[in-house]
Amino acid sequence: MSVMMVRKKVTRKWEKLPGKNTFCCDGRVMMARQKGIFYLTLILILGTCSLFFAFECRYLAVQLSPAIPVFAALLFLFSMATLLRTSFSDPGVIPRALPDEAAFIEMEIEAANGNVPQGQRPPPRIKNVQINNQIVKLKYCYTCKIFRPPRASHCSICDNCVERFDHHCPWVGNCVGKRNYRYFFLFILSLSLLTIYIFTFNIVYVALSESGLSICSLLLNPSFTVLEVFICFFTLWSVVGLTGFHTFLVSLNQTTNEDVNIKRICLFLFLLTGYIWFYLFTYRTLLPLTNM
């Protein structure tokens, strides 16, 4: 008698993740649902580099050095590898609490806060834990039903709590957090070098072509070189500036989210100070003059 073995389909954790993410390749690829700008990033990088390899590289390899296209290819491959690693990897999503765990946490919070009178706002849900002999406050996430670790934050676009959340980057189509920040930083650094490299050698290509050292292929394909220079010129300022900004954050051991919050606090204190001085000047200086 043959025995029928019925296999139950095992449900993976990524299949029941309640966040707003899409998964491919059996859960190995994780991205946000809004991927339109990510495709634009791929088109700009692939298109610009393809035009550079197709037209300028052949001329520059003969006139200057064959190492020019080789180094450009290495920069291009490294940029694409870090971009895909940033876009397709888990940024550090913190699992949500299970229904039993969420119910237990709610009971603990209600027991700690006691009975709140009707009409009064309940106290903030904060949990104090001791880390390295220091008291650290953990904030409660009402969506994930957990107390977030330090430096974690909830992404409203992906609808997940991300460990050491930096920001949600639509250009890479994913959140940037603890697990993929290094690849994101390497991507913008290599992209800055690649943009400077292509922009510089496009200018060299135009200068050599106009000097009459050899046949000017620029006359045959003028629009491609102009298009590359145009894209690289406007990309250069944003990408290089972003690289410098994140280099500054790395030196301070800060994230973009923390830097933005600090600036908000400074702006609030600045406005509050200005309001106080305006109040003192108005009611202590101008008001007595009007009563005379």
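Q: Among contacts in the chain between residues at least 6 apart in sequence, what percentage join residues at least 24 apart?
A: The model is a predicted one. Among its contacts between residues at least 6 apart in sequence, 61% link residues that are at least 24 apart.

Q: What does the secondary structure of the chain come to?
A: The chain has six helices and nine strands.

Q: How are two packed helices described?
A: Two packed helices are described by the angle between their axes and by the distance between those axes. Here, α1 and helix α2 (residues 67–88) pack at an angle of about 170 degrees, and their axes are 10 Å apart. Angles over 145 degrees count as roughly antiparallel, and α1 and α2 are therefore roughly antiparallel to each other.

Q: Which residues make the contact between α1 and α2?
A: On the α1 side, they include Phe38, Leu42, Cys49, Phe52 and Ala61. On the α2 side, they include Ile68, Pro69, Phe76, Met80 and Phe88.

Q: Where does isoleucine 37 lie, and is it buried or partly exposed?
A: Isoleucine 37 lies in helix α1, which spans residues 36–63. Buried means under 20% relative accessible area and exposed means over 50%; isoleucine 37, at 37%, is therefore partly exposed.

Q: Which residues make a nonpolar surface patch?
A: Ile37, Leu40, Leu44 and Trp171 make such a patch, of about 350 Å².

Q: How much accessible surface does the chain have, and what percentage of its residues count as buried?
A: The accessible surface comes to about 19200 Å², and 67% of that belongs to carbon and sulfur atoms. Of the 292 residues, 34% count as buried.

Notes
Residues are numbered from 1 along each chain as its sequence is written. This is a predicted model: local features need pLDDT of at least 70, side-chain atom pairs count only at pLDDT 80 or more; totals for chains, interfaces and linings use all residues. Side-chain values use heavy atoms; hydrogens and water are left out. Patches are made of residues with over 30% relative accessible area and no salt bridge: like charges are joined within 9 Å, nonpolar side chains (Val, Leu, Ile, Met, Phe, Trp, Tyr) within 5 Å. Accessible areas come from the Shrake-Rupley method with a 1.4 Å probe; for residues, only the protein chains shown count as cover. A salt bridge is a side-chain nitrogen of Lys or Arg within 4 Å of a carboxyl oxygen of Asp or Glu. Helices (H or I, at least four residues) and strands (E, at least two) are DSSP runs, numbered from the N terminus. Buried means under 20% relative accessible area, exposed over 50%, partly exposed in between (1.4 Å probe, protein chains only). Contact means heavy atoms within 4.5 Å. Axes are lines fitted to C-alpha atoms, for helices over the stretch in contact, and angles run from 0 to 180 degrees between N-to-C directions. Angles under 35 degrees count as roughly parallel, over 145 as roughly antiparallel, 65 to 115 as roughly perpendicular and the rest as oblique.
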